[in-house]
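These are my notebook entries on what I looked up in the structure shown below.

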Amino acid sequence: MNGTEHSPLSANQVSAKIDAAVEQAAETLLEVSHAIHDKPELAFEEHFACGVLAKTLRDHNLSVATGVYSLETAFETTINSEQAGPTVAVLAEYDALPQIGHACGHNVIATSALGATLALDAVAAFLPGRVKLLGTPAEERGGGKELMARAGAFEGIDAALMIHPAGVNLATMPSICVAEVEVVYHGRSSHASAMPHKGINALDGLLLAYQAISNLRQHIRSTERIHGIVQEGGAAPNIVPDRTVGQFYVRAANEKELAALKPRVQACFEAGATGSGCTVEVNWAGVDYLDINTNWPLAERFRHYAEQLGREFIDDDQALKFGAGSTDMGNVSYRLPSIHPMLAVAPPNVVIHHPDFARWARSEKGDAAVIDGAKALAFTAAEYLLSPQLQRQCGAAFELSKGLA
Ligand SMILES: [Zn+2]
Ligand SMILES: [Zn+2]
């Protein structure tokens with residue numbers, strides 16, 4: 001750590017106290033991690049996870065507000081709320097996926113953030129600033145962090161930190177933007193054999209659009225992705241479907257390219273309606289996920305601390321080999337200096353959103369990432385608060401990135 005001018009303890013002494021506090025809380029952290037893992041909850045429905053995290057904080061004499069910033073399952077706690085100086089936020093995700101549970105390992109995110117917060121609370125007297133733990137629901141869909149940001153969650157925060165589990169250790173997650181869209185085709189029912197000429201086939205509408213999108217894929221950038229499913233395809237083969245529903249994700253490297261791609265996909269949906277004689281509702285989600293604008297001075301400090309804990313990181317230029325995903329942390333990262341490093345909880349060939357990853361998220365390796373994540377997040381947050389030099393570096397890098405966006 002650098003500056004120690006506000007602290008009566010040396011940076012090393014603060015680090016030692018953080019380390020000891022995480023070790024002391026380890027058993028609780030892993031219990032909470034496993035409890036959240038055992039009870040996977042979908043986006044916006046994370047009542048158990050929100051409750052167990054809030055209870056654990058209250059058991060440690062921290063006051064917690066739940067249902068904050070427009071979301072019922074969001075929460076917030078602040079350390080040193082009366083203290084002047086900068087504010088650093090640690091973010092906790094805790095939603096799961098349909099059918100495959102915690103195959104994105106958000107139980108590890110939640111409890112590493114919890115551990116970092118408990119450790120920073122243990123050294124609160126030595127920190128010249130505030131620490132905020134934000135419980136941020138609905139990462140897998142719905143853009144919870146963007147909704148919270150619009151409700152003011154990130155006002156007054158100078159830097160935001162979180163970790164995400166993976167198959168490797170990475171200083172940041174290779175990421176792209178994503179827009180979610182639901183399409184509903186309306187046709188007219190009829191007997192598919194007796195009166196086919198009276199029917200207007202809503203499945204034809206959706207499949208024509210699906211095929212048009214498949215054709216479009218040949219003529220998009222290698223960084224772009226369009227993928228979807230048929231959610232409702234009809235009730236029986238002898239009933240002409242009068243209603244079908246599809247869900248699609250449209251992804252691009254950055255906001256500008258996403259904005260250019262969306263109308264091309266919209267045109268495919270409309271082509272489906274024209275070709276089949278249906279009508280179509282195209283419901284784009286209110287929130288697009290942005291790519292991550294990594295704050296490298298902060299990411300480098302996180303990597304430094306995680307390496308000290310014995311983790312080996314993949315070179316940044318090799319990171320894309322492990323694929324690019326999307327996160328609503330991207331939206332935060334364009335508002336304030338932010339990091340989203342990845343910590344290995346599984347072998348490199350086990351990818352997130354695969355059912356096998358869910359098992360790794362509560363394995364010994366998953367547990368180790370909770371502890372290492374808590375320590376590295378707390379070390380990084382403490383250094384940020386203790387070092388005006390690091391604050392300046394992070395601020396300058398953020399301003400520069402805005403100029404480049
Ligand atoms: Zn995730
Ligand atoms: Zn995920």
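**Helix 1 and helix 3**

I noted that helix 1 and helix 3 cross in a right-handed manner (the near helix is turned clockwise from the far one by less than a right angle). The model is predicted: local features need pLDDT of at least 70, side-chain atom pairs count only at pLDDT 80 or more, and totals for chains, interfaces and linings use all residues. Residues are numbered from 1 along each chain as its sequence is written, while chains are lettered from A and ligands numbered from 1 in the order in which they are written.

I recorded that the axes of helix 1 (residues 11-38) and helix 3 (residues 106-122) come within 8 Å and cross at roughly 150°. Axes are lines fitted to C-alpha atoms, for helices over the stretch in contact, with angles from 0 to 180 degrees between N-to-C directions. Helices are DSSP runs (H or I, at least four residues), as are strands (E, at least two), numbered from the N terminus. The two helices, helix 1 and helix 3, are therefore roughly antiparallel (angles over 145 degrees).

I then listed contacts (C-beta atoms, placed from the backbone, within 7 Å). Residues of helix 1, including Ala-21, Leu-29 and Ile-36, meet residues of helix 3, among them Ala-110, Leu-114 and Leu-118. By class, this contact has 13 nonpolar, 5 polar and 1 charged residues (nonpolar: Ala, Val, Leu, Ile, Met, Phe, Trp, Tyr, Cys and Pro; charged: Asp, Glu, Lys and Arg; polar: the others, Gly among them).

**Whole protein**

I counted 11 helices and 12 strands in the protein. The C-alpha trace spans about 85 × 45 × 40 Å along its principal axes.

Key:
Parallel < 35°, antiparallel > 145°, perpendicular 65-115°, else oblique. Contact = placed C-beta atoms within 7 Å.
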